[in-house]
Structure formats: structure tokens, C-alpha cells
Amino acid sequence: MLAQLIPKNGGPPITLHQPITVVGRSAKLCDLVIDHASVSKQHCMLVKTDGLLYLRDLGSTNGTRVNGQRVIRGALLPGDQLTLSAVSFKVHLGPDLPSPTKGTANGVTEKIPVLDDEGLNETFRASSSQSDEHSKSDVRLLRDSELLFPD
């Protein structure tokens with residue numbers, strides 16, 4: 001999931017890469033540093049999970065607001081205005097950007113072979129014949145016709 005904070009006063013969007021991001025003024029304590037005197041050293045925490053962005057105020061002095069309402073915790077929706085003291089952001093949530101690194105090394109999706117009934121039977125026989133003497137399983141390969149109920 002792509003989660004970004006877009007500064008209301010202009011500037012480049014801030015992409016939240018980590019599942020948990022601590023936001024505040026202190027570079028030693030926070031993942032996302034906002035250099036503004038009204039922002040607390042550890043102001044709030046943002047958590048990306050299940051396609052949502054959750055917010056938790058960490059006891060900040062000047063508070064955290066969502067759409068003008070002071071909050072302690074809650075879920076952020078796309079288009080919400082997040083204000084940390086006097087610094088405001090617009091929340092953007094969306095799908096991850098496509099990455100050429102997914103799939104195989106050259107960026108091509110891995111091809112999975114499709115077996116017909118005969119190929120499937122041969123594969124099943126080869127794997128089951130090796131373990132027949134050790135297995136007491138009654139598992140066997142069913143054909144499509146065996147799955148259909150009589151009328």
C-alpha cells in the first residue's frame with residue numbers, strides 16, 4: 001500500500017515506507033522528522049496495515065488533528081487533513097506502484113506450466129509410487145467425471 005503525506009504548504013510528498021513510522025521533531029527518536037518548534041519530540045505514530053493508515057498521538061503538547069478535530073487515535077482516510085500542531089498534510093493512500101523486481105530476476109513474471117490429465121496422472125503416479133510402500137494414505141487422483149453427481 002502506498003501511503004503519502006502531502007504538505008499543505010507545498011513541497012514534495014512524504015512517502016511512508018515502513019509499516020510503523022514515529023513522527024516528531026527529534027532526529028534521534030523519530031523515523032519522520034518535522035523540524036518545527038510546535039511539534040513534540042515524539043509527536044505521533046503512523047501504522048500501515050490492511051490497506052489503512054492508523055494514527056496514534058504520543059502525548060504531544062500541541063495535539064494532533066484530523067480534519068480539524070483533535071484526536072488521540074484513529075484511522076486516516078484518503079483526502080483527510082492531518083495536522084501536527086501547526087504543520088498540515090493531506091493524506092494520500094493508494095495501491096503500491098508496480099515494481100519490475102517482482103517476479104523473476106529479469107522482471108518477467110514466472111511462467112507456471114499447465115498439465116493436462118495425462119501429465120497430471122504421470123506426475124501423480126511418479127510421486128505416489130515412491131512412497132506407496134511407506135504410506136497408508138487413501139488419497140488418490142480424481143477425474144472430473146468422478147466429481148459430478150448423477151442426475
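Here are some exercises on this predicted model, each with a worked solution.

Residues are numbered from 1 along each chain as its sequence is written, and side-chain values use heavy atoms, with hydrogens and water left out. Because the model is predicted, local features need pLDDT of at least 70 and side-chain atom pairs count only at pLDDT 80 or more, while totals for chains, interfaces and linings use all residues.

**Exercise 1. Find out where confidence is lowest and where it is highest.**

Start with the scale: pLDDT is the predictor's confidence in each residue, from 0 to 100. The protein chain has an average of 80, and 64% of the residues score at least 70. Now go to the elements: helix α1 (residues 117–131) has the lowest confidence, with a mean of 54, and β10 has the highest, at 97. Where pLDDT is low, the predicted coordinates should not be read in detail.

**Exercise 2. Work out the strand order of the open sheet and how its strands pair.**

Two strands pair if DSSP finds at least two bridges between them. The five strands of the open sheet come in the order β4-β3-β5-β6-β9, and the pairing is mixed. β4 (32–33) and β9 (73–76) are at the edges with a single partner strand each, so one side of each has no neighbour in the sheet.

Next, take the pairs one at a time:

- β3 and β4 are parallel, with two bridges; here V23 is opposite L32 in β4.
- β3 and β5 are antiparallel, with four bridges; here V23 is opposite C44 in β5.
- β5 (residues 44–49) and β6 (residues 52–57) are antiparallel, with six bridges; here K48 is opposite L53 in β6.

**Exercise 3. Decide how much of the protein chain, and of strand β3, is buried.**

A residue is buried under 20% relative accessible area, exposed over 50%, and partly exposed in between (1.4 Å probe, protein chains only). Of the 151 residues in the protein chain, 29% are buried. In strand β3 (residues 20–24), four of the five residues are buried.

**Exercise 4. Identify the residues that touch the most other members of the largest nonpolar core.**

A nonpolar core is a set of buried Ala, Val, Leu, Ile, Met, Phe, Trp, Tyr and Cys residues joined through side-chain atoms within 4.5 Å. The largest one has 20 residues, and L46, L53, L55, L76 and L82 touch the most other members. Two or more residues come from each of β1 (2–7), β5, β6, β10 (81–84) and β11 (87–94). β11 gives the most, with four residues.

Now zoom in on L53, using contact in the sense of heavy atoms within 4.5 Å. Leaving out residues up to four places away in sequence, L53 touches residues including M1, L16, L46, L76 and V91.

**Exercise 5. Describe the surroundings of H43.**

H43 counts as buried because its relative accessibility is 0%. Apart from neighbours within four places in sequence, H43 is in contact with residues including V23, D57, T64 and L84.

Finally, check for a polar contact (a pair of N or O atoms within 3.5 Å; within protein, one must be able to donate a hydrogen and the other to accept it, and residues adjacent in sequence count only if both atoms are side-chain atoms). The side chain of H43 makes one with the side chain of T64, at 3.3 Å.
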